[in-house]
Amino acid sequence: MIRFNEKLRPENVVYIKSFGDYIKVFTKEGFTIHHDTMKRLEKVLPEHYFQRVHRGYIVNIEHIKSVTDCEIRFFVIDDIVTAVPGKLRPLYNKINRLTNH
């Protein structure tokens, strides 16, 4: 189970990728692997910054550089996350709320 602490803080998480009962947490420093589920993470991560965009991905909207079609790119790492089209509207809504404050 993932434990957030001084080394691994939610705001440093760029995105999370699921591998069955394991997750890979990506930060600008690299990644760590934890035995945990996406469903549990959705409950513990700050919902105003994190959005599930695919069955296998949760992204931190503060690190998003661009969203084109269904591809999400980030400022701090060169990875691309693919989103499901039906999950884009909630993502855009969160991005708009964050940028309008």
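Trainee: Where does His63 lie, and is His63 buried or exposed?
Mentor: Keep in mind that this is a predicted model. His63 sits in the loop between β5 and β6. The cut-off for buried is under 20% relative accessible area, and His63 comes in at 15%, so His63 counts as buried.

Trainee: Which residues does His63 touch, leaving out those up to four places away in sequence?
Mentor: Look at two stretches of the chain. One holds Glu11, Asn12, Val13 and Val14. The other holds Arg73, Phe74, Phe75 and Val76.

Trainee: Which residues have the most contacts inside the largest nonpolar core?
Mentor: That core has 16 residues. Elements giving two or more residues to the core include β1, β7 and α2. There's also a second, separate core of 11 residues, with Val13 and Met38 among them.

Trainee: Which strands stand at the edges of the open sheet?
Mentor: Start with the order of the 5 strands, β3-β2-β1-β5-β4, paired antiparallel. An edge strand has a single partner, so one side is left without a neighbour in the sheet. That gives you β3 (30–35) and β4 (50–54).

Trainee: How many bridges join β1 to β2?
Mentor: These two run antiparallel, with β2 covering residues 22–27. The number of bridges joining β1 to β2 is 6.

Terms used. Residues are numbered from 1 along each chain as its sequence is written. This is a predicted model: local features need pLDDT of at least 70, side-chain atom pairs count only at pLDDT 80 or more; totals for chains, interfaces and linings use all residues. Side-chain values use heavy atoms; hydrogens and water are left out. A nonpolar core is a set of buried Ala, Val, Leu, Ile, Met, Phe, Trp, Tyr and Cys residues joined through side-chain atoms within 4.5 Å. Buried means under 20% relative accessible area, exposed over 50%, partly exposed in between (1.4 Å probe, protein chains only). Helices (H or I, at least four residues) and strands (E, at least two) are DSSP runs, numbered from the N terminus. Contact means heavy atoms within 4.5 Å. Two strands pair if DSSP finds at least two bridges between them.
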